[in-house]
Amino acid sequence: MGNSGASSEENTALSKAARWQRTRLALLCWVAVVGCGGGVYVCYRLGIGRLAPYEYQCTLLGIWLFIAGLLGVCLARYFQPMEEKRVRRISGLAGPLVFFLIFLGLYGMAQGVYWKLNRNRAETIERIGSHSRGDSYRFDRVLGYGPRPQFTADARLTVRGELVFDYTYTTDSHKRRNVPSQANTNTQRERAILFFGGSFAFGEGVNDEETLPNQLALLEPDTTMYNYAFSGYGPGQMLARLESYDVRADVPEATVAAVYTFIPNHVRRVIGAYSVINWSRHSPYYHFGGDGEVVRSGSFQGERAGLTQWYDFLQGDQVFQYYQLDFPIFLGKKEFQLTAAIIEAAAEEFTAQFASDDFYVLFYPETPSNEFDTRIMIPYLEKRGIRVLDYTALLTGKPEDYFFLPYDSHPRPTAHKVVAERLRGEALFRGVQTKP
């Protein structure tokens with residue numbers, strides 16, 4: 001009888017443990033269901049509200065949460081009283097499923113929290129003006145997008161009411177930014193320098209007279225400066241322009257040199273990374289062909305649609321936005337080689353048009369926001385015979401004196417002035433050139 005009593009008490013304890021296990025799992029499932037239901041509603045509100053541009057992402061997240069809710073209901077019903085062996089048999093599957101549901105619930109909550117943080121951050125930043133709205137540029141079948149010809153644009157940036165910059169720029173009939181110190185078109189000059197690059201060469205944040213080309217023009221009045229750079233451009237736009245347009249026809253000077261202003265982010269523009277795809281989806285997509293030569297295959301949007309759509313989806317992730325994450329996470333040898341190869345191809349196109357090999361890559365002085373040391377690119381460029389002007393360590397003093405930090409990493413007029421003074425001392429014109 002003693003053994004029978006012990007066995008009865010043991011069975012009662014096991015029965016209580018089994019009931020507690022079922023109750024606990026059921027509660028976890030219903031908590032996940034409630035959380036998922038709330039997440040679906042939040043996704044719906046976001047998709048029709050402030051995140052309307054990311055309606056697709058919000059809808060997909062809502063679908064995920066809805067499916068998770070259905071799984072939770074099924075699991076909760078499945079864990080009704082049943083034999084102990086059956087409970088043990090499915091417990092291995094229940095754990096991962098419940099964890100998945102909880103993860104989705106936490107993911108939804110994290111998106112809500114970081115959406116609020118991103119919204120608070122955005123409310124402190126105000127960007128106004130035709131350049132900020134995108135009215136100053138338009139779609140370009142060759143370059144992806146480009147400035148309007150003979151256009152006057154403006155941009156203003158304030159953070160918490162504090163003015164960061166307020167500038168105006170103008171373009172000529174060839175969509176180049178004007179160099180006001182050379183406004184007198186009657187002056188005949190024998191030499192010219194073509195500037196290519198992104199916003200640093202273009203002069204984001206500064207007026208026409210404060211850009212690098214104009215400040216160099218003040219120091220070299222006998223040399224014409226042409227600014228072919230534009231905000232967001234990279235090596236791909238330089239190569240596409242030289243491949244597709246007769247730039248020589250727009251440059252009357254006989255002796256010509258070219259300077260490409262390089263910053264680390266240009267590597268990501270070459271590969272169409274997650275952080276740049278918003279504005280570069282129609283930009284030229286260059287890659288290595290079967291023979292190792294650089295070839296163009298349309299645009300990132302047209303030829304790499306799957307990855308571009310995936311990046312579009314990730315644009316709706318609030319956590320990624322808050323921490324400014326990027327993909328690919330790391331840049332390596334392959335990306336550096338492709339960047340150098342595109343620049344080499346542009347140099348060859350320049351030589352073919354202008355009968356000149358005076359082509360240079362200018363490493364702009366480094367900022368704290370640079371992803372990597374710009375000088376990593378030196379061996380890749382020099383291996384391809386590209387001359388490098390390494391100005392990475394040119395500036396001395398506080399970075400805030402030369403860049404619009406901490407709110408914007410673009411150079412102030414003071415930085416352009418120092419670079420122009422250094423560039424003036426370079427022997428850019430080395431060969432004898434004649435206009436074809």
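## The parallel sheet

In this predicted model, five strands form an open sheet in the order β7-β6-β8-β11-β12, with parallel pairing; strands here are DSSP runs of E with at least two residues, helices are runs of H or I with at least four, and both are numbered from the N terminus. Two strands are taken to pair if DSSP finds at least two bridges between them. The edges of the sheet are β7 (223–227) and β12 (387–390), each of which pairs on one side only. Neighbouring strands are turned by 25° against each other on average, direction ignored, where axes are lines fitted to C-alpha atoms, for helices over the stretch in contact, and angles run from 0 to 180 degrees between N-to-C directions.

Within the sheet, β8 (residues 255–262) and β11 (residues 359–363) pair in the parallel sense over 5 bridges, and Thr261 has Leu362 of β11 as its bridge partner. Helix α13 (residues 333–354) lies across β6 (191–197), β8 and β11, and runs at about 165° to β8.

## Aromatic pairs and charges over rings

The whole structure holds 27 aromatic pairs, counted for rings of Phe, Tyr and Trp (its six-membered ring) with centres within 6.5 Å, and called stacked if the planes are under 30 degrees apart, edge-to-face if over 60 and tilted for the rest. Tyr364 and Phe403 form an edge-to-face pair, because their ring centres are 6.5 Å apart and their planes stand at 70°. This pair links distant parts of the chain, 39 residues apart, with Tyr364 in the loop between β11 and α14 (378–382) and Phe403 in the loop between β12 and α15 (413–424). Tyr364 counts as buried at 1% relative accessibility, and Phe403 counts as buried at 1% as well; buried means under 20% relative accessible area, exposed over 50% and partly exposed in between, with a 1.4 Å probe and protein chains only.

Ring pairs also link a cluster that includes Tyr137, Tyr145, Phe202 and Phe404. Arg177 lies over the face of Phe202, at 4.8 Å from the ring centre, while Arg121 lies over the face of Tyr322, at 4.5 Å from the ring centre; such a charge has NZ of Lys or CZ of Arg within 6 Å of the ring centre and within 35 degrees of the ring normal.

## The chain as a whole

The chain has 15 helices and 12 strands, and buried residues make up 47% of its 436 residues.

## Basis of the values

Residues are numbered from 1 along each chain as its sequence is written, and side-chain values use heavy atoms, with hydrogens and water left out. Because the model is predicted, local features need pLDDT of at least 70 and side-chain atom pairs count only at pLDDT 80 or more, whereas totals for chains, interfaces and linings use all residues.

Definitions and conventions:
Contact means heavy atoms within 4.5 Å.
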